[in-house]
Amino acid sequence: MSFRLSNNLLGILNFVTFLLSIPILVAGIWLSRKAITECERFLDKPIIIVGVFLMVVSLAGFVGACCHVKWLLWLYLVVMFILIVLGIAGTIFAFVVTNKGAGRVLSGKGYKEYRLGDYSNWLQKRVSDENNWFKIKSCLVDSKVCSDFHNQHMNESVTEFYKVHLSAIQSGCCKPSNDCQFTFLGPTNWTKGTGVFINNTDCNTWSNDLGTLCFDCQACKAGFIDNLRSSWKKVMVVNIIFLVCLIIVYSVGCCAFSNSRKSMS
């Protein structure tokens with residue numbers, strides 16, 4: 001690859017990346033100012049960090065390639081190499097921690113139920129931390145996942161309800177466990193028995209209050225993890241594509257850096 005071609009291609013790629021970083025940064029700043037819920041506030045800082053990082057790295061690559069600044073190209077390549085290594089490590093880690101666990105099929109039910117102990121220890125520790133779970137629970141409540149669940153199924157009979165396919169979060173957070181053997185009055189309204197449920201502590205945690213339901217249940221945490229597993233698997237596919245693009249850009253950068261050295265010698 002010639003000196004001019006590799007430098008021009010690297011400059012174009014980084015200019016496009018710089019343009020993409022602007023709306024990401026603007027979105028993060030807007031979210032930080034307009035955020036009301038805990039869930040929204042949780043997202044603003046990572047978005048701003050990603051936007052600033054992309055902007056700085058792409059500027060370094062653009063200036064280094066187009067202005068033939070050797071030390072900027074070198075710094076750019078080091079950062080890109082670190083990104084590739086972290087991306088590969090992150091993809092492998094995500095695969096390992098999401099490879100374990102699945103919902104349990106219930107006889108005569110259209111939905112599955114979830115047990116926290118079925119999932120990786122690392123994910124269990126994350127959701128068992130009170131501070132982490134408070135933020136996650138706030139997101140779940142703010143998303144009105146159980147309110148929508150209630151409105152969607154409120155007119156169904158118990159027979160109809162038991163045939164419904166529920167998401168992992170709906171099954172774990174919006175209704176009591178099948179172990180409890182509660183009497184169905186509505187999708188979020190169940191009559192408790194008088195016994196103590198030794199085998200499943202979620203039965204004593206359940207409340208018919210729409211703001212409480214089973215959001216503090218172990219099944220809710222398991223349902224959240226199962227939903228997270230599905231999302232992470234999709235992200236891993238995107239991440240692999242992103243890594244391939246990074247490696248291509250890194251290769252072009254290496255050619256530009258090598259040609260820059262030759263032109264100065």
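Start by selecting R115 and E113: their side chains meet in a salt bridge, 3.8 Å from N to O. A salt bridge here is a side-chain nitrogen of Lys or Arg within 4 Å of a carboxyl oxygen of Asp or Glu. Before going on, know that this is a predicted model: local features need pLDDT of at least 70, side-chain atom pairs count only at pLDDT 80 or more, and totals for chains, interfaces and linings use all residues. Residues are numbered from 1 along each chain as its sequence is written, and side-chain values use heavy atoms, with hydrogens and water left out.

**Around R115**

Is E113 buried or exposed? E113 is buried, with a relative accessible area of 3%, whereas R115 is partly exposed, at 21%. (Buried means under 20% relative accessible area, exposed over 50%, and partly exposed in between, using a 1.4 Å probe and protein chains only.)

(Helices, H or I with at least four residues, and strands, E with at least two, are DSSP runs numbered from the N terminus.) D179 is partly exposed, with a relative accessible area of 41%. Select K175 as well, and you have a network of E113, R115, K175 and D179, joined by salt bridges that share partners.

**Over to R104**

The count of salt bridges comes to six. Another one to show is between the side chains of R104 and D118, 3.0 Å from N to O. R104 lies in strand 1 (residues 104-105) and D118 in the loop between strand 2 (112-113) and helix 4, so they tie together parts 14 residues apart in sequence. At 42% relative accessibility, R104 counts as partly exposed.

**Into the core**

Next, select L140 and C173. These residues have the most contacts inside the largest nonpolar core, which has 34 residues. (Such a core is a set of buried Ala, Val, Leu, Ile, Met, Phe, Trp, Tyr and Cys residues joined through side-chain atoms within 4.5 Å.) Helices 4, 5, 6, 8 and 10 are the elements that give two or more residues to this core, and helix 10 gives the most, with four residues.

Which residues touch L140? Leaving aside neighbours within four places in sequence, L140 is in contact (heavy atoms within 4.5 Å) with W133, V145, I169, C173, F215 and C220.

**Along helix 5**

Colour residues 130-142 to see helix 5. In this helix, W133, I136, S138, C139 and L140 are buried. D129 caps the N-terminal end of helix 5, with a side-chain oxygen 3.1 Å from the backbone nitrogen of N131. After helix 5 comes K144, whose phi is positive, near 60°.

**Last stop: the annotated stretches**

An unreviewed UniProt entry annotates residues 12-31, 43-65, 71-97 and 237-259 as "transmembrane region"; such annotations may be inferred rather than shown by experiment. Select residues 12-31: the chain there is 100% helix, and the end C-alpha atoms are 30 Å apart. Residues 237-259 are also 100% helix, with end C-alpha atoms 34 Å apart.

Notes. Polar contact = N/O pair within 3.5 Å; in protein donor to acceptor, adjacent residues only side chain to side chain.
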